[in-house]
Amino acid sequence: YAVGPNGSTVFVSPANGAQQTPTPATNTALLQQLEREFRDIEERDPSMAEGFRVVYDREVPFELRPADSRDHDVGALEGIKVKILTQGEDSSVSAVRIELTSEADLFFHYTCLINAVGFTQLREDQKLMCEFKEFVVTLLKMCNRCIREPNNFLAVLLLNSDGSASLEFIQNVEYKFIDLLVLPFRESPDHIVKADITYRYNAVRSRLSIMTSKLQDVTALVKVRPQ
C-alpha cells in the first residue's frame, strides 16, 4: 500500500506478480485508513453544526403511543435511534440536544434541546437529584438500561397531534411503574429533516463505496497473477 495524492490508501501491485500475504502492519494501516475515512463522513453530519458533538448514537427500544390514548397498555414497540449531542467543552457543557429518528420512517424526527436554565426548571418540576453537568451521563445510563433491561426499564414516547411529544423513562419495580424522567420533544422543522435524510443517504453510499474499494484492494493484494 502507498498513500495517494488525496491521502487515501492505494494498492501498489508487485512487479513480479508473486502472491502477497497481508501483514499485521498492512492490516493496521488499512483499519486506520478506514477509521479516518469513516470519521470524515461522520463530521459531515448536519447535527454537529453550531459546535455540537455526538456523545451517544444507538438504537433504543421505544414504546410509541398516541398521547390521547385512553388505553395505556397499548403501544407499538419500535427501535428508535437516539442521538445525544453536547455543545461546549466536557467540563462546561452549555446545551444538550437529543434527536430521535427511525429507520422505518425517514421523516420521523423529533428534537429536544435543553440548556442550563431549562434544566433547572426541569429539575425543580420533576425533583431530579442530578446537576446539569451530570445530566448527559444520566441520559446515557437510562438509554443503556432500556437496551440491557427492557423488562425493568422502559422508554415511552407519547405523541401529540400538534407535533409535540413527551419521552418518559419508566422503571418497573415489583409491578409498580415509577417515572424517572420526562423530556419534552418537538417534531423537527422540514429543512432539518431533509438535511438529515440527505446526510444519512449519502453516508450509506460513501461507506459502501469505501468498503467496496478496500475489498478490491485486499483481493488484489492476495491474488496470484499469471506470469
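Visitor: What is the relative accessible area of Arg123, and how is this residue classed?

Guide: Arg123 is partly exposed because its relative accessible area is 24%; buried means under 20%, exposed over 50%, and partly exposed in between (1.4 Å probe, protein chains only). This is a predicted model, in which local features need pLDDT of at least 70, side-chain atom pairs count only at pLDDT 80 or more, and totals for chains, interfaces and linings use all residues. Residues are numbered from 1 along each chain as its sequence is written, and side-chain values use heavy atoms, leaving out hydrogens and water.

Visitor: Which residue forms a salt bridge with Arg123?

Guide: Side chains of opposite charge can pair when their charged atoms come close. Here the partner is Glu131, with the closest N and O atoms 2.7 Å apart; a salt bridge needs a side-chain nitrogen of Lys or Arg within 4 Å of a carboxyl oxygen of Asp or Glu. Glu131 is partly exposed too, because its relative accessible area is 39%.

Visitor: How many salt bridges are there by this rule?

Guide: The count is seven. Among them, Asp45 pairs with Lys83 at 2.6 Å between the closest N and O atoms. That pair links distant parts of the chain, 38 residues apart: Asp45 sits in the loop between helix H1 (24-42) and S3, and Lys83 in strand S4. Helices (H or I, at least four residues) and strands (E, at least two) are DSSP runs, numbered from the N terminus. Asp45 and Lys83 are both buried. Glu63 and Arg65 make another salt bridge, at 2.9 Å; Glu63 counts as buried because its relative accessibility is 17%, and Arg65 does so at 15%. Finally, a network of salt bridges joins Glu103, Asp196 and Arg200.

Visitor: In what order do the strands close into a barrel?

Guide: Follow the pairing, which asks for at least two DSSP bridges between two strands. Seven strands close up in the order S3-S4-S5-S6-S9-S8-S7, with mixed pairing. On average, neighbouring strands of this sheet are turned by 40° against each other, direction ignored. Take S7 (residues 153-159) and S8 (residues 164-173): these two pair in the antiparallel sense over seven bridges, and Leu157 has Leu167 in S8 as its bridge partner.

Visitor: Which strands does helix H3 touch?

Guide: H3 (residues 135-148) packs on the sheet and touches S3 (52-66), S4 (76-89), S5, S6, S7, S8 and S9, where contact means heavy atoms within 4.5 Å. The direction of H3 makes about 50° with that of S3; axes are lines fitted to C-alpha atoms, for helices over the stretch in contact, and angles run from 0 to 180 degrees between N-to-C directions.

Visitor: Which residues of the largest nonpolar core touch the most other members?

Guide: In soluble globular proteins, nonpolar side chains tend to be buried together. In this 34-residue core, the residues that touch the most other members are Phe62, Ile98, Leu100, Phe169 and Leu183; such a core joins buried Ala, Val, Leu, Ile, Met, Phe, Trp, Tyr and Cys residues through side-chain atoms within 4.5 Å. Six residues come from H3, the largest share of this core. Not counting residues up to four places away in sequence, Phe62 touches several residues, including Leu100, Leu157 and Leu167.

Visitor: And Tyr175, buried or exposed?

Guide: Tyr175 counts as exposed because its relative accessibility is 82%. Look for Tyr175 in the loop between S8 and S9.
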